[in-house]
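Please keep the sequence and the three-dimensional view at hand while reading.

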Amino acid sequence: MPLAYGLLAAYAAAGLETITEITMQRRALLKSVAAAAVSTLPLKQVWAADLPAINLDGADISLDKADIRDFADSLSGILMQPDSTGYDIARQVWNRFWDRRPALIARCTSVDDAVAAVNFARSNNLLTAVRCGGHSMSGKSVCDGGLVIDLSYMNRVDINVADKTAYVEGGALLGDLDRKALPLGLATTAGVVSHTGVGGLTLGGGMGRLQRRFGLSIDNVLGVEIVTADGKVLKANAKENPDLYWGVRGGGGNFGIVTKFKFQLHAMNPMVINFGMRYPMSVAKDALKLYFDFCDDAHEDLFILGGVSMREDGTGGVSIGGNYFGDPSNVDRVLKPLRDFGNAISDRVIPIEYLKIQKVADDGVNAPGKRRYAKGGFLREVNDDLITTVIERIEPMASRSFSVGLLPMDGAPARVGAEDTVWAHRDASFNIDSTSTWDAANTDVDEENISWNRAYWNDVEPFTRGFYVNQLIDEDQGQVNSNYGSNHARLVQVKNKYDPTNFFRLNANVRPNA
Ligand SMILES: Cc1cc2nc3c(=O)[nH]c(=O)nc-3n(C[C@H](O)[C@H](O)[C@H](O)COP(=O)(O)OP(=O)(O)OC[C@H]3O[C@@H](n4cnc5c(N)ncnc54)[C@H](O)[C@@H]3O)c2cc1C
């Protein structure tokens, strides 16, 4: 997951004065893509023939054209098939490594649409993917030959200022939430790239700039509305269906389609301090040691992210960046250890609107449209061997950019019990990830880039235990099960109750055993 790299790039490379320009370019691009998609949507799709498809077990099936027509007619949103205008845009996901062709894409605009989609898929035993922001690294939100239940038109956000809560539809992006909440002086923990989906990010855990203060995104979920595999619409919160409420907080998309989240918000100062220092590769080991020492006694008013990155052009370095949410007059004292180290090739500290910071990493390496491969894991302790392992293999490679990100997991997330939510790794000290990124057209370097990253990770992995479910890439079922730790048995019980046929299986899957 490029949580780290985008930030490293944003903090260390891009001048902050370019943020506004980048944001304007991005908006213009998104507008033109959206306009093109809407203007080309078919007014009336012709369902002329039965459709070949894939069932839940991977076998070939045929979908009856009359059933498809009934399904399409029942939707307030849009149903697309491979010859529909806009289909090739609708099936694209953020990681262009995945080039999958679903039999159908249901662009839902209501809870009733989501229910109809689940009922249609279930009655046809059809393989089904659920899509919000489309940022799954492993491409789980699109499938070959199945149905994609696309929630991206369900992106409404309502804020209740009086009780500091947000009601967010299951297809909203992080930017949709920020745009509504931040002007009201409110925020909650969400990720660092605004085009990531609230749905996938939250259900898997949700790490971000506010986590050391307010916990993970799941620690701020007060309840959900969810369509389960039998097509029922349930509420899950501390009082209603508490087992399901527990399961959706870290269990990913295993239990149904969340059509609405209720989040706890917190008072948030609109202006924050942004800082970013970059150090050359020649002092990389000492700079990483500095980073770990700095994190060791960092106040929770700091968001900090460190790591190493190497671009295709051979420029590399260690970055330490983040935000300071405390009294701005303290910032020099707070950042003094980073300054005293010397050696910085860049050093930027500026006050900036938090809303802007939440978008600073949206472009460049994080923009949709590249091919990626990433591995991730949780560290419990940090030592010189780890630092040496992280640094030593990194070298310039013209076929890809590469980054390692290190995010501290202390503070509020560590104060929640390992069994209070599905997130079993409350004792982790850092999340570490290694990400390779290359051009979308460069399919001939896929094999080379993936095997290089895997070999790198083989060296780092022994320092880790467990991984973030939203960083799942190619782990086997045994690794997925053990990653849920002592929560796995309870998850299986919840799965048995709400999804006994494993209808929702394109995720960090909990297999039912009923
Ligand atoms: C550029 C980038 C930046 C990232 N930054 C962060 C970060 O700062 N912090 C962090 O924690 N993670 C981050 N991630 C990882 C991110 O959490 C996962 O990729 C997540 O799955 C993305 O959610 P999505 O809705 O965009 O993805 P999608 O691909 O749409 O969904 C992923 C999966 O989530 C499930 N799902 C999504 N929505 C719903 C729903 N409403 N109901 C039921 N199931 C649903 C489905 O199983 C789906 O397959 C980042 C990823 C990228 C690509």
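## Domains and their contact

The structure is a predicted model. The domain assignment divides the protein chain into domain 1 (3-25 + 271-471), domain 2 (41-150) and domain 3 (157-268). Taken over C-alpha atoms, the centres of domain 1 and domain 3 lie 24 Å apart. Their contact involves 27 residues from domain 1 and 30 residues from domain 3.

On the side of domain 1 that touches domain 3, helix H1 (3-12) and helix H12 (354-357) each contribute at least two residues. Helix H1 gives the largest share of that side, 3 residues. By residue type, this side of domain 1 consists of 15 nonpolar, 8 polar and 4 charged residues.

## The nonpolar core

In soluble globular proteins, nonpolar side chains tend to be buried together. In this model the largest nonpolar core contains 133 residues. Ala-117, Leu-147, Ile-149, Val-198, Ile-226 and Val-248 have the most contacts inside this core. Helix H5 (residues 111-123) gives the most to the core, namely 7 residues.

Which residues does Val-198 touch, not counting residues up to four places away in sequence? They are Cys-132, Val-168, Ala-172, Leu-173, Leu-174, Leu-177 and Phe-261.

Helix H6 (residues 174-181) is largely enclosed by the rest of the structure, because 6 of its 8 residues are buried. The buried residues of H6 are Leu-174, Gly-175, Asp-176, Leu-177, Asp-178 and Ala-181. Among the elements that cover them are strand S7 (157-160), strand S8 (165-169), strand S9 (186-187), H7 and H12.

In helix H16 (residues 488-498), the buried residues are Leu-491, Val-494, Lys-495 and Tyr-498. These residues lie on the same side of H16, because they cover an arc of only 100° around the axis. An α-helix has 3.6 residues a turn, so residues three or four places apart point the same way. Helix H9 (242-248) is included in what covers the buried residues of H16.

## The shell around the ligand

The ligand is surrounded by 40 residues, of which the closest are Gly-133, Gly-197, Gly-199, Gly-200 and Gly-253. Helix H1, strand S5 (128-131), helix H7 (198-204) and strand S12 (257-264) each supply at least two residues of this shell. The largest share, 5 residues, comes from H7. The shell is made up of 17 nonpolar, 21 polar and 2 charged residues.

## Two asparagines with positive phi

Asn-241 has a positive phi of about 45°, although this residue is not a glycine. Asn-241 is placed in the loop between strand S11 (233-237) and H9. Asn-343 also is a residue other than glycine with a positive phi, in this case near 65°. The loop that holds Asn-343 runs between helix H11 (331-340) and strand S17 (346-353).

Is Asn-241 buried or exposed? A residue counts as buried if 20 or more other C-beta atoms lie within 10 Å of its own. Asn-241 has 22 other C-beta atoms within 10 Å and is therefore buried. Asn-343 has 14 other C-beta atoms within 10 Å and is therefore partly exposed.

His-266 belongs to strand S13 (residues 266-267). With 17 C-beta neighbours inside 10 Å, His-266 counts as partly exposed. Leaving aside neighbours within four places in sequence, His-266 is in contact with Lys-164, Leu-186, Ala-187, Thr-188 and Phe-214. His-266 and Gln-471 are 205 residues apart in sequence, and their C-alpha atoms are 27 Å apart in space.

Gly-231 lies in the loop between strand S10 (221-227) and S11. This glycine is partly exposed, with 17 other C-beta atoms within 10 Å. Apart from neighbours within four places in sequence, Gly-231 is in contact with Val-115, Val-118, Asn-119 and Arg-122. The C-alpha atoms of Gly-231 and Ile-391 are separated by 50 Å, and these two residues are 160 residues apart along the chain.

Note on methods: Residues are numbered from 1 along each chain as its sequence is written. This is a predicted model: local features need pLDDT of at least 70, side-chain atom pairs count only at pLDDT 80 or more; totals for chains, interfaces and linings use all residues. Domain bounds come from an automatic or database domain assignment. Two residues are in contact if their C-beta atoms, placed from the backbone, lie within 7 Å. Helices (H or I, at least four residues) and strands (E, at least two) are DSSP runs, numbered from the N terminus. Ala, Val, Leu, Ile, Met, Phe, Trp, Tyr, Cys and Pro count as nonpolar, Asp, Glu, Lys and Arg as charged, and the others, Gly among them, as polar. A residue is buried if 20 or more other C-beta atoms lie within 10 Å of its own, exposed if 12 or fewer, and partly exposed in between; C-beta atoms are placed from the backbone. The arc is that of the directions from the helix axis to the C-beta atoms. A nonpolar core is a set of buried Ala, Val, Leu, Ile, Met, Phe, Trp, Tyr and Cys residues joined through C-beta atoms within 7 Å. A residue is near a molecule or strand if its C-beta atom, placed from the backbone, lies within 6 Å of it.
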